[in-house]
Amino acid sequence: MHTVIDALCTGCERCIPACPVDCISLHPVSTDVTGWQAWSARQADEAAARYAWHRERGAREERERMLRLARLSTMQE
Ligand code: SF4
């Protein structure tokens with residue numbers, strides 16, 4: 001089961017095509033402010049930190065995948 005954390009959602013819509021059962025829909029919650037105006041500087045900084053962590057996790061997982069492949073390759077020799 002997947003959960004959208006309302007308070008952290010940026011409305012980027014990346015989850016919509018990725019959802020295999022089309023269970024996500026977005027509804028506007030801000031009034032007339034959109035984009036960067038809808039967030040405080042603190043919220044933007046926190047989102048940037050989460051994104052940096054996300055990127056680091058992706059890079060670490062890729063390094064680990066390459067190590068596993070290298071190990072498999074040496075086992076087959
Ligand atoms: S992918 Fe984007 S739209 Fe979907 S929940 Fe996360 S921040 Fe919100």
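The model is predicted. The chain contains two helices and zero strands, and 0% of its 77 residues count as buried. Its radius of gyration is 18 Å, whereas a compact globule of 77 residues would have one near 11 Å.

**Overall form**

- Taken along the principal axes, the box filled by the C-alpha atoms of the chain is roughly 65 × 30 × 15 Å.

**The helices**

- Helix α1 comprises residues 15-18, and helix α2 comprises residues 41-76.
- From its first C-alpha to its last, the 36 residues of α2 reach 53 Å, which is close to the 52 Å expected at 1.5 Å a residue.
- Helix α2 lies largely in the open, because the number of buried residues among its 36 is zero.

**Separations along the chain and in space**

- A52 and A7 are 45 residues apart in sequence, and their C-alpha atoms are 19 Å apart in space.
- M75 and H27 are 48 residues apart along the chain, and 52 Å separates their C-alpha atoms.

**The ligand shell**

- Which residues surround the ligand? They are V4, C9, T10, G11, C12, E13, R14 and C15.
- By class, this shell consists of four nonpolar, two polar and two charged residues.
- E13, one of the residues around the ligand, is found in the segment before α1.

**Backbone angles**

- Most residues other than glycine have a negative phi.
- E13 is not a glycine, yet its phi is positive, at about 75 degrees.
- Is E13 buried or exposed? E13 is exposed, because 11 other C-beta atoms lie within 10 Å and the limit for an exposed residue is 12 or fewer.
- D22, likewise a residue other than glycine, has a positive phi near 50 degrees.
- D22 lies in the loop between α1 and α2, and D22 is exposed, with 8 other C-beta atoms within 10 Å.

Note on methods: Residues numbered from 1 in each chain as written. Predicted model: local features only at pLDDT ≥ 70, side-chain atom pairs only at ≥ 80, totals over all residues. Near = placed C-beta within 6 Å. Nonpolar A, V, L, I, M, F, W, Y, C, P; charged D, E, K, R; others polar. Helix = DSSP H or I, 4+ residues; strand = E, 2+ residues; numbered from the N terminus. Buried ≥ 20, exposed ≤ 12 C-beta atoms within 10 Å, placed from the backbone. Rg over C-alpha atoms; globule rule 2.2 N^0.38 Å. Expected span 1.5 Å × (residues − 1).
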